[in-house]
Amino acid sequence: MDELQYFREIVTTDRRERELAGYHGRVVGCYCNFVPEELLLACGAVPVRLCSGDAAAERAAEAILPRDLCAVAKSAAGRVQRGDGLCGRADLLILPTPCDAKKKLGPVLGQFKPVHVLDLPPRKESPSAQAFWKTQIRDLVPVIERLTGTPLTRAALRQAMDLINRRHRVFRRFLALRAADPPRITGQDALFVTQASFTDDVGRWTTQLEALCERLEQSPPPAPAVRPVRLLLTGAPLIWPNHKLIELAEADGARVVIDEFCSGTQRVYQPVELRETSLPALLDAVAEKCLLPTTCPCFVDGTDRLNRVQELATTHRVDGVVYHCLRLCALFEMEAQAMQQTLRARGLPMLSVSTDFSAEDRGQLQTRVEAFVEMLRG
Amino acid sequence: MNRITVTRRAVQVVFFILLMYGAFIWPRHYETPLPKVPAGVPRTTLYNRNRILWVSGKESVVDLYLPALACRFTAKGGLFKSCILHFFSENFTWRTSLQIMLPHIVWLVVLCLLLGRFWCGWICPMGALMDAMTWLRKLTRWRQIHLTPRWERFLFYLRHFLVWFTVVVSVLIGYPWLGQGANDALFLIYCQICPARLGYPPLGLVNPCWTDNTNSITMFLTVLGWFCFGLFFLSFAIPRFWCRICAIGALVGYFNRGALLTLEKSAQKCTSCGTCRRSCVLDLDDVYLERRRPVVTAPECQLCLTCLEDCPEPGCLELKFLGRRILRS
């Protein structure tokens with residue numbers, strides 16, 4: 001399908017890099033899901049999310065980082081160190097501090113690029129934490145203004161927020177297609193769609209997704225001989241090119257009908273509230289949108305993710321949950337048990353797998369995932 | 001888009017006209033009869049035209065009170081007689097017999113139990129005026145001011161103090177212990193500082209009697225009334241500011257949790273995005289914070305339903321009447 005091919009191309013080729021090579025404005029590299037894109041867009045910068053699942057970059061980073069560090073942090077550093085693609089193009093890196101690895105990554109990346117570290121509070125529900133976070137966002141404004149030379153105005157921010165909200169609306173329409181039975185799109189293709197938004201122009205991505213939704217809504221629904229097993233994927237983010245787990249999960253007829261990754265659904269899911277439209281109110285709205293609905297396990301309280309997974313399992317009529325633990329990321333692994341217990345209480349089976357970017361354990365993973373899918377089918 | 005807000009504005013305008021100018025629409029012109037004063041009953045039973053408690057001279061069309069700011073002091077009387085607090089303060093002072101009061105009390109309690117503070121959010125003309133001020137502010141692009149938690153706490157104690165202070169004073173001045181001057185001056189004490197008493201008559205082109213220099217108490221209350229009238233205009237910067245002081249609202253708020261009209265939240269559907277708290281005109285965080293119980297109507301919640309309208313999660317917030325769903329996010 002041509003519409004899908006577009007998203008695959010953005011993720012897997014250097015198309016975006018070539019486009020931005022001829023671009024005269026500023027490009028700002030972001031990590032995680034906490035960076036307010038609206039702010040960057042309003043100041044005329046192009047936000048690109050540089051999180052990576054590149055195994056080669058991960059190994060390269062072992063020259064500057066300890067070996068026993070999570071693969072996401074290592075490969076992010078490796079790409080910046082090598083000046084890969086958009087990492088070489090970025091004029092500034094914005095790095096939030098959800099975990100220890102990301103905290104200490106600041107100075108490491110700082111050897112190669114200017115870095116602005118965005119401090120995250122350890123919990124998100126307390127008023128003091130939220131006040132602190134809003135200060136962090138307000139302090140980010142002059143940094144970006146200096147970089148682009150464009151002062152932040154109310155009108156520009158409002159326009160950027162409208163753009164982000166348009167993106168959110170079409171994404172919810174897309175999610176409804178995944179909730180359909182049988183699902184209109186595979187989980188991996190959906191992951192390509194969301195991960196194309198990492199680097200793609202927001203307006204163009206939205207238009208393309210509208211076209212894809214149109215196409216999917218109009219084409220006749222697939223009629224598989226057997227009803228595919230419906231899976232939910234949660235846990236540590238799968239980021240291109242590390243799509244190993246989702247490939248394996250969908251290999252023999254199962255469908256990942258929804259994921260709960262910060263590199264997937266969460267990425268474009270949340271709208272931003274627009275009732276008060278003065279500049280400080282808009283900034284606060286953006287700050288809250290970046291912090292409050294996230295389900296990152298870096299926060300003390302993990303209830304939000306438990307609720308979120310249960311809700312998605314209900315709305316997408318899920319048969320089983322696959323929980324991805326990234327080796328050496330203690331945060332996701334520590335929340336796995338609570339998730340298992342909660343889902344068991346609801347009669348929902350969960351498979352917890354622990355892996356990393358390497359292809360070595362592929363066979364072993366395949367056996368476990370196949371057995372799980374077989375169990376759900378039976 | 002914004003269907004709830006548009007409906008609410010329309011309802012507010014309709015009730016503003018009814019409660020402010022009802023007597024023009026359904027005229028019932030007769031002079032307010034001065035209550036007959038038996039010997040030994042304090043003079044506070046009298047309306048005095050030149051006093052601060054000046055009454056229009058025209059009675060309301062319906063001889064009933066409402067749990068919203070339908071007011072005795074509108075230009076020519078309104079559709080309804082007055083507000084719930086006015087009912088208690090005047091009748092406690094008059095020592096009205098329970099036989100006469102009981103039907104009114106039942107009527108008011110039923111209204112409160114049916115809709116809770118929906119009365120404040122949708123019916124109250126003062127609320128409509130304050131919403132109009134917020135609308136003006138947004139039009140002129142001024143920024144909103146948020147009260148600090150300390151101020152919120154102070155105003156919480158203030159409004160509940162005002163409810164009970166009004167009730168206690170109204171009962172006490174029904175007896176001649178305080179002396180005639182004090183009794184006269186303290187009649188309908190809450191009305192004397194309520195911005196509606198100064199604000200409503202000019203809207204019908206009638207002089208509200210701005211000053212009362214009978215004695216030192218009336219002069220003090222005059223100044224306090226001006227001050228509160230000024231506070232009312234703070235609603236321009238702080239949405240519905242007077243609602244945070246209003247004793248009538250605080251009184252109706254006692255019924256809010258038990259009311260048949262409820263706002264309910266599904267904790268599982270909630271993503272904690274905080275949109276409900278951001279859109280709340282009263283900066284309430286009860287909807288955002290609640291994780292266990294389904295009913296989220298706090299005593300301060302006016303069921304204006306902006307949170308329900310803004311909530312991005314389908315079905316997370318629901319408006320229910322007697323357990324039956326009326327609206328959902």
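## Helix 7 and the sheet of chain A

In this predicted model, helix 7 of chain A spans residues 100-110. Helix 7 lies across strand 3 and strand 4 of chain A. Against strand 3, helix 7 runs at about 165 degrees.

Strand 3 covers residues 92-96 of chain A. Strand 3 pairs with strand 4 of chain A in the parallel sense, over four bridges. Leu93(A) has Val115(A), in strand 4 of chain A, as its bridge partner.

## The whole sheet

Four strands of chain A make up an open sheet. Their order is 2-1-3-4, and the pairing is parallel. Which strands stand at the edges? They are strand 2 (46-49) and strand 4 (115-118) of chain A. Each has a single partner strand, so one side of each is left without a neighbour in the sheet. On average, neighbouring strands of this sheet are turned by 25 degrees against each other, direction ignored.

In general, strands of a sheet pair through backbone hydrogen bonds, in either a parallel or an antiparallel way.

## Helix 9 against helix 14

Helix 9 of chain A, residues 154-179, packs with helix 14 of chain A at an angle of about 30 degrees. Their axes are 10 Å apart. The crossing of helix 9 and helix 14 of chain A is left-handed.

Helix 9 of chain A brings Arg154(A), Leu157(A), Arg158(A) and Met161(A) to this contact. Helix 14 of chain A brings Leu279(A), Leu282(A) and Val286(A). By class, the residues of this contact are five nonpolar and two charged, with no polar ones.

## Where chain A meets chain B

Helix 14 of chain A also features at the boundary between the chains. There, 20 residues of chain A are in contact with 18 residues of chain B. Helix 14 (279-291) and helix 15 (303-315) of chain A are the elements that give two or more residues to the chain A side. Helix 15 of chain A gives the most, with six residues.

What is the make-up of the side of chain A that touches chain B, by nonpolar, polar and charged residues? It has eight charged, six polar and six nonpolar residues.

## Two domains in chain B

The domain assignment of chain B gives domain 1 (1-255) and domain 2 (262-328). Between them, 15 residues of domain 1 are in contact with 14 residues of domain 2.

On the domain 1 side, the elements giving two or more residues are helix 1 (3-25) and helix 4 (118-123) of chain B. That side of domain 1 has six nonpolar, six polar and three charged residues.

Methods
Residues are numbered from 1 along each chain as its sequence is written. Chains are lettered from A and ligands numbered from 1 in the order in which they are written. This is a predicted model: local features need pLDDT of at least 70, side-chain atom pairs count only at pLDDT 80 or more; totals for chains, interfaces and linings use all residues. Two residues are in contact if their C-beta atoms, placed from the backbone, lie within 7 Å. Ala, Val, Leu, Ile, Met, Phe, Trp, Tyr, Cys and Pro count as nonpolar, Asp, Glu, Lys and Arg as charged, and the others, Gly among them, as polar. Axes are lines fitted to C-alpha atoms, for helices over the stretch in contact, and angles run from 0 to 180 degrees between N-to-C directions. A crossing is left-handed if the near helix is turned anticlockwise from the far one by less than a right angle, and right-handed if clockwise. Domain bounds come from an automatic or database domain assignment. Two strands pair if DSSP finds at least two bridges between them.
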